[in-house]
Amino acid sequence: MLTTSRLSLALCCSSALFFTGCQHIVKSQSPATQNQTEQLNEFDLQGKIGVRTPKQSGSAFFTWSQHQDQFDIELSGILGVGKTQITGKPGQVSLNSAKTGLITAQTPEELLQRATGWQAPITHLVNWVQARPATISAKTTQDQNGRVTNIVEDGWDVSLSYNDQQKLPNKLILKQALADNQENRITMLIQNR
């Protein structure tokens, strides 16, 4: 369970760090496009994340505050047990908890690898929680309201669900197919935006 909690924490942390990586791309865009993207990368999310792999599973509550290329993520178990803090800015990401101590890295992917030994599409999560693909090679499906309901990208199949007529998803299910009909699955429930 400790490994799973660290995996969930590292996953959230790494996803927030992706915003840092995105900013390098954003800065090369035109001023109007950059301004629109920066507005999208200003948000606060609260919810629950669950991770299931063939060898482990676990979940955590998260609070994710993103302000352009800087973020702060707090992960905790039921009743705030096992609190983990993840913070980041370009080139500097850290995870701190009583169980793991302080772990630092330059990128979200490196932090996830150090904390859990697991690799995931951390750099894409910032886009996926905003119902947009991360790369031009992604394949998307939309509903009758023009909202993205599925993204297939870099070996992951992402299903997005919405409450009523909301424009942003409240639930994401990320699946990565593995050998022998197994899969890695990440479920994000966004309760407050």
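**A colleague's note on charges, rings and contacts**

1. Let's start with the charged pairs: there are five salt bridges in this structure. Please keep in mind that the model is predicted.

2. How exposed are the two partners? Lys83 is partly exposed, at a relative accessible area of 47%, and Glu74 is partly exposed too, at 29%.

3. Next, have a look at helix H3 (residues 108-116), which holds both Glu110 and Arg114. These two form a salt bridge whose closest N and O atoms are 2.5 Å apart. Because they are four residues apart in the helix, about one helical turn separates them. Glu110 counts as partly exposed, with 27% relative accessibility.

4. Now for a network: salt bridges link Arg52, Glu183 and Arg185. Between Arg185 and Glu183, the closest N and O atoms are 2.9 Å apart. Arg185 is partly exposed at 22% relative accessible area, and Glu183 is partly exposed at 25%.

5. Pro54 brings us back to some of those residues. You will find Pro54 in the loop between strand S1 (42-52) and strand S2 (57-67). Leaving aside residues up to four places away in sequence, Pro54 touches Leu178, Gln182, Glu183 and Asn184. Pro54 and Arg185 are 131 residues apart along the chain, yet their C-alpha atoms are separated by 9.3 Å. With a relative accessible area of 44%, Pro54 is partly exposed.

6. Which charged residue is buried yet has no salt bridge? That is Glu153, which sits in strand S8 (residues 148-153). The nearest side chain of opposite charge belongs to Arg132, 9.4 Å away; a salt bridge needs the atoms within 4 Å. The side chain of Glu153 does reach the backbone nitrogen of Ala134, at 3.0 Å. Beyond its neighbours up to four places away in sequence, Glu153 touches several residues, including His124, Trp128 and Pro133.

7. Finally, the rings. The count comes to one aromatic pair. Its members are Phe43 and Trp64, with ring centres 5.4 Å apart and planes at 70 degrees, so the pair is edge-to-face. Phe43 in strand S1 and Trp64 in strand S2 are 21 residues apart, and the pair links distant parts of the chain. Both Phe43 and Trp64 are buried. Elsewhere, Arg147 lies over the face of Tyr162, 4.5 Å from the ring centre.

Technical notes. Residues numbered from 1 in each chain as written. Predicted model: local features only at pLDDT ≥ 70, side-chain atom pairs only at ≥ 80, totals over all residues. Heavy atoms only, no water. Helix = DSSP H or I, 4+ residues; strand = E, 2+ residues; numbered from the N terminus. Buried < 20%, exposed > 50% of the residue type's maximum accessible area, 1.4 Å probe, protein only. Contact = heavy atoms within 4.5 Å. Lys, Arg positive; Asp, Glu negative; His and termini not counted. Polar contact = N/O pair within 3.5 Å; in protein donor to acceptor, adjacent residues only side chain to side chain. Phe/Tyr/Trp six-rings, centres within 6.5 Å; stacked < 30°, edge-to-face > 60°. Lys NZ or Arg CZ within 6 Å of the ring centre and 35° of its normal.
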